[in-house]
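Thank you all for coming. Please have a look at the sequence and the structure, and then I will walk through a few places with you.

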Amino acid sequence: MRAGQISLIISTYQRPDALEKVLRGVARQLEMPGEILLADDGSGPDTRTVVEQWQKKLPLRHVWHEDIGFRKTIILNKSFAASTGDYLVLLDGDCVPHPRFIGDHADLAEKSFWVQGRRCFVDERSAGEFDVGTTDIGRAIFARQITGWAKAIRWPFAMVHRNTGQRGIIGCNMGFWRDDLLAVNGFDEEYIGWGGEDSDFGTRLYHL
């Protein structure tokens with residue numbers, strides 16, 4: 001799998017500050033995706049301003065619908081339909097990617113498998129201090145500004161656990177083939193409101 005065959009889909013809602021950091025991280029990828037789609041669940045003009053600024057620098061398309069409640073599954077499916085890549089990678093709009101994020105997903109892509117990665121947490125009170133490529137991870141861990149620190153480090157080798165269970169399915173860092181997405185018919189749009197949609201989607205991929 002080549003990075004240029006990947007469609008990166010970033011979900012967001014009313015977090016232009018976080019989105020700015022995420023897109024800055026995307027711009028620093030050592031291998032760029034073929035396209036970037038922003039799955040926007042109804043954000044306001046502040047987010048649109050961020051998007052317009054970054055569209056001058058990145059192949060970024062804004063997929064938006066009206067804000068009438070939590071409808072993440074619907075806007076993700078709309079973004080899937082608008083995408084063209086053979087392989088799709090999901091990233092939440094408050095998760096800043098490592099510079100090798102897309103390259104690693106490209107390396108791990110394997111037919112008949114889907115990939116789920118993890119993320120760490122930065123203390124919200126300290127988040128404004130962090131910038132991709134400049135953060136002293138050791139200092140931040142010592143100061144207890146980062147939790148789940150083992151997931152904050154890109155190890156020099158891939159730690160892949162092949163699994164067919166439902167434990168810990170999260171959609172903030174996920175990769176899968178377009179053919180498999182179509183076979184399971186995307187996210188279940190009956191999920192209105194937060195929670196459960198990621199596990200449902202992952203479970204159907206496992207059964208496929």
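Which residues does Val63 touch, not counting residues up to four places away in sequence? With contact taken as heavy atoms within 4.5 Å, the residues that Val63 touches are Leu37, Leu38, Ala39, Asp40, Ile75, Lys78, Ser79 and Ala82. Val63 belongs to strand E3, residues 60-64, where helices (H or I, at least four residues) and strands (E, at least two) are DSSP runs, numbered from the N terminus. Val63 is buried, at a relative accessible area of 15%; buried means under 20% relative accessible area, exposed over 50%, and partly exposed in between, with a 1.4 Å probe and protein chains only. One of the residues on that list is Ser79, and although Val63 and Ser79 are 16 residues apart along the chain, their C-alpha atoms are separated by 6.2 Å.

Residues are numbered from 1 along each chain as its sequence is written, and side-chain values use heavy atoms, with hydrogens and water left out.

The pLDDT, which is the predictor's confidence in each residue, from 0 to 100, averages 86 over the protein chain, and 84% of the residues score at least 70. Where pLDDT is low, the predicted coordinates should not be read in detail.

Now the chain as a whole. Its secondary structure comes to seven helices and eight strands, and 43% of its 208 residues are buried. If we take the contacts with a separation of 6 or more, 78% of them are accounted for by residues 24 or more positions apart.

Let me turn to the salt bridges, where a salt bridge is a side-chain nitrogen of Lys or Arg within 4 Å of a carboxyl oxygen of Asp or Glu. By this rule there are five of them, and I will show you some. Arg61 pairs with Glu35, the closest N and O atoms being 2.6 Å apart. Because Arg61 lies in strand E3 and Glu35 in strand E2, this pair ties together parts that are 26 residues apart in sequence. Arg61 is partly exposed, at 35% relative accessible area, whereas Glu35 is buried, at 8%.

Another salt bridge joins Lys72 and Asp92, with 3.3 Å between the closest N and O atoms. This pair also links distant parts of the chain, with Lys72 in helix H3 and Asp92 in strand E4 (residues 87-92), 20 residues apart, and both residues are buried.

Asp200 is buried at 18% relative accessibility, while Arg204 is partly exposed at 23%. Leaving aside residues up to four places away in sequence, Asp200 touches Asp188 and Tyr191. The buried residues of helix H7 (residues 197-207) include Asp200, Phe201 and Leu205, and what covers the buried residues of H7 includes helix H3 (72-82), E8 and helix H6 (178-184).

Next, the cysteines. A disulfide is a covalent bond between the sulfur atoms of two cysteines. Counting a disulfide as a pair of cysteine sulfur atoms within 2.5 Å, the structure holds zero of them. Cys95 is in no disulfide, and its nearest cysteine sulfur, that of Cys172, is 4.5 Å away. Cys95 is buried at 13% relative accessibility, and Cys172 is buried at 4%.

I will end with two residues in loops. Ser112, which is not a glycine, has a positive phi near 75 degrees; Ser112 sits in the loop between helix H4 (101-108) and strand E5 (115-116), and is exposed, at 70% relative accessible area. Asn185, likewise not a glycine, has a positive phi of about 65 degrees; Asn185 is placed in the loop between H6 and H7, and is exposed, at 64%.

Definitions and conventions:
This is a predicted model: local features need pLDDT of at least 70, side-chain atom pairs count only at pLDDT 80 or more; totals for chains, interfaces and linings use all residues.
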